[in-house]
Amino acid sequence: NSEPRQPPAAQSLEVGDIALLGMGAPPEYRGHPAVISKVNSGYCTVVVLDHDRRSGIGECWPCFADLALESSTLRIGVRVVVQGMQGARTKHLNGLAAVICAHPKEGHPVLIRKPGVEHPKLVVCVAFEDPTAASE
């Protein structure tokens with residue numbers, strides 16, 4: 001199905017979801033947001049995020065009961081509108097519609113490490129609905 005998906009209302013957890021870690025998480029991560037990177041039977045793998053939800057600060061394997069879904073916007077197949085791009089080569093992308101997709105080699109979600117930066121940055125790949133407008 002190539003139709004873009006809309007975020008669901010249900011509490012089901014999938015790769016790309018942002019969830020808050022509960023009391024069953026390691027003490028240093030309780031209350032932190034995390035992005036789900038792998039779903040297993042009864043538990044999942046998450047990358048713990050800073051409070052700005054931009055950088056990965058750790059990893060843990062909570063049970064589903066220890067997670068509260070905060071956002072499903074970053075699930076593969078969800079339609080988004082790009083915003084917040086500020087660079088000279090990317091600001092024309094603001095306002096364009098796209099669909100969240102997996103990176104061909106890195107999968108989803110992606111954490112980018114840059115030299116001199118302590119924590120990796122959370123990024124997602126998108127496929128633009130109008131590739132011509134995106135390439136201008």
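Reader: What volume does the largest pocket have?

Author: The model is predicted, so local features need pLDDT of at least 70 and side-chain atom pairs count only at pLDDT 80 or more, while totals for chains, interfaces and linings use all residues. Residues are numbered from 1 along each chain as its sequence is written, and side-chain values use heavy atoms, with hydrogens and water left out. A pocket is, on a 1 Å grid over the protein atoms alone, an open set of points where a 1.4 Å probe fits, with protein on both sides within 12 Å along at least five of seven lines; a volume is the space filled by probe spheres set on the points, which are joined across faces, edges and corners. For the largest pocket the volume is about 870 Å³.

Reader: Which strand gives the most to the lining of the largest pocket?

Author: Lining residues have an atom within 4 Å of a point, and the largest pocket has 22 of them, with Leu-74, Val-82, Gln-83, Met-85 and Val-124 nearest its centre. Strands here are DSSP runs of E with at least two residues, and helices are runs of H or I with at least four, numbered from the N terminus. At least two lining residues come from each of β6 (79-81), β9 (121-123) and β10. The most, three residues, is given by β9.

Reader: How many residues of the lining are nonpolar, polar and charged?

Author: Ala, Val, Leu, Ile, Met, Phe, Trp, Tyr, Cys and Pro count as nonpolar, Asp, Glu, Lys and Arg as charged, and the others, Gly among them, as polar. By these classes, the lining of the largest pocket has 13 nonpolar, five polar and four charged residues.

Reader: Is Cys-125 buried or partly exposed?

Author: Buried means under 20% relative accessible area, exposed over 50%, and partly exposed in between (1.4 Å probe, protein chains only). In strand β7 (residues 97-101), four of the five residues are buried. Cys-125 has a relative accessible area of 22% and is therefore partly exposed.

Reader: Which strands stand at the edges of the open sheet of five strands?

Author: The five strands have the order β4-β3-β2-β1-β5, with antiparallel pairing. Strand β3 (residues 44-49) pairs with β4 over four bridges, and Leu-49 has Gly-56 of β4 as its bridge partner. The edge strands, each of which pairs on one side only, are β4 (56-60) and β5 (67-71).

Reader: What distance separates the C-alpha atoms of Asp-130 and Ser-41?

Author: Asp-130 lies in the loop between β10 (125-128) and α1 (131-135) and is partly exposed, with a relative accessible area of 39%. Asp-130 and Ser-41 are 89 residues apart along the chain, and their C-alpha atoms are separated by 38 Å.

Technical notes
Two strands pair if DSSP finds at least two bridges between them.
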